[in-house]
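Here is a short tour of one model, taken a few elements at a time. Please keep the structure open as you read.

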Amino acid sequence: MYNSYKLSVVVPIYNVEDYLESCLLSLINQESKYPIEYILINDKSTDKSHHIIQETLNNNPNWAKDVKYVINPENKGLVLTRRVGVDLASGEYIIQCDSDDWVDRGLYEAMIEMADQTNADIVGCNLVDEYKGYSKLRTQKFPEKQVQICNMLNGDPHYAGSLCNRMFRTQFYKENAQIIPSDISMHEDLIITLKLHLEAKCVKKVEGYAYHYRHRPKSITTKLDNSYIISMIKVANLISDLIGDNQLYNRAVQNLKNRARLPYIYNPETYSPDKWQKAFDNLPITLDLGFLPFISMALTKLRFNYLNLLFINLRHAVRK
């Protein structure tokens, strides 16, 4: 155990017994020359996650000396569980790592070195989307602030609003990131990353390393139901309040709101033109380049017999 850590890695854990070992092994194998602490927060898992953690700690005693392992007394959800980890963080820098994902060997060392050399508030890296049977590199871009924020709001996949592929100065993070209500259960990353990019004075990226994001069918980010849509609408409203009336970003915020309510008119299981309309009264329907990829994505999810329904509903919404 070190008296002073350079980096705190926060790992929220809930019912990921099939993936947890690969995540932990990628953290063990970082082999950084800088002292790193790992904060594992078990959100009252009901599967074998606790056993896997204990076994990993017992088998890796040198690594275990730098691990804080906490079990929530009750299930808190991702937002509050991450907050527990942030409160425990003592490193100069902080980063999140989801417990079903993994990171490249040496990533954290490279991020620390970049931040030290440039005095960056944020250091990012590329993403690799991991699907069953294949992987796909998703290059991430970190340009000047206005371009970054507009593209994040527009949902461009090369400007992902993820916390896990960004390292932050811990004090900077704590001062700006505690803005999420506890009832937000999904998409909270986007609010926090937008706030931090709005406040950051220097943003850098490391090349040659990536965060590996696992796509799995039962994760909360792949479920498209009413709770998902409601959460996304809440997030869009919070972001709208955060951005305020800013001409630089107003159009992009409109795009975000339209994407949030889109499943109400393209998804048969959540179809409700009334909910579409009530989600954001008097919101213009924006179909610019930032929004069109999501229309394409929506169409690919539909069976042929729903295509006509989609266009009827869009026409109905425009008339209103």
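A residue is called buried when its relative accessible area is under 20%. With that cut-off in hand, let us turn to the model, which is a predicted one.

## A covered strand

Strand β2, residues 36-42, is mostly covered, with 7 of its 7 residues buried. In a regular strand, side chains alternate between the two faces of the sheet. In β2, Ile36, Tyr38, Leu40 and Asn42 point one way, while Glu37, Ile39 and Ile41 point the other way. Both sets are buried, Glu37 and Asn42 included.

What is the sense of the pairing between β1 and β2? Strand β1 (residues 7-13) pairs with β2 in the parallel sense, over 7 bridges. Within this pair, Ile13 stands opposite Asn42 of β2.

Glu17 sits in the loop between β1 and α1 (20-28). Its relative accessibility is 33%, so Glu17 counts as partly exposed.

Beyond its neighbours within four places in sequence, Glu17 is in contact with Asp47, Lys48, Ser49 and Ile52. Glu17 and His50 are 33 residues apart in sequence, and their C-alpha atoms are 8.6 Å apart.

## Two helices side by side

Now for a helix pair. The axes of α6 (residues 145-153) and α8 (residues 188-199) come within 10 Å and cross at roughly 170 degrees. The two helices are therefore roughly antiparallel to each other, and their crossing is left-handed.

Which residues meet here? From α6 come Lys145, Gln148, Ile149, Met152 and Leu153; from α8 come Leu190, Thr193, Leu194, His197, Leu198 and Glu199. The residues of this contact divide into 6 nonpolar, 3 polar and 2 charged.

Note on methods. Residues are numbered from 1 along each chain as its sequence is written. This is a predicted model: local features need pLDDT of at least 70, side-chain atom pairs count only at pLDDT 80 or more; totals for chains, interfaces and linings use all residues. Side-chain values use heavy atoms; hydrogens and water are left out. Axes are lines fitted to C-alpha atoms, for helices over the stretch in contact, and angles run from 0 to 180 degrees between N-to-C directions. Helices (H or I, at least four residues) and strands (E, at least two) are DSSP runs, numbered from the N terminus. Angles under 35 degrees count as roughly parallel, over 145 as roughly antiparallel, 65 to 115 as roughly perpendicular and the rest as oblique. A crossing is left-handed if the near helix is turned anticlockwise from the far one by less than a right angle, and right-handed if clockwise. Contact means heavy atoms within 4.5 Å. Ala, Val, Leu, Ile, Met, Phe, Trp, Tyr, Cys and Pro count as nonpolar, Asp, Glu, Lys and Arg as charged, and the others, Gly among them, as polar. Buried means under 20% relative accessible area, exposed over 50%, partly exposed in between (1.4 Å probe, protein chains only). Two strands pair if DSSP finds at least two bridges between them.
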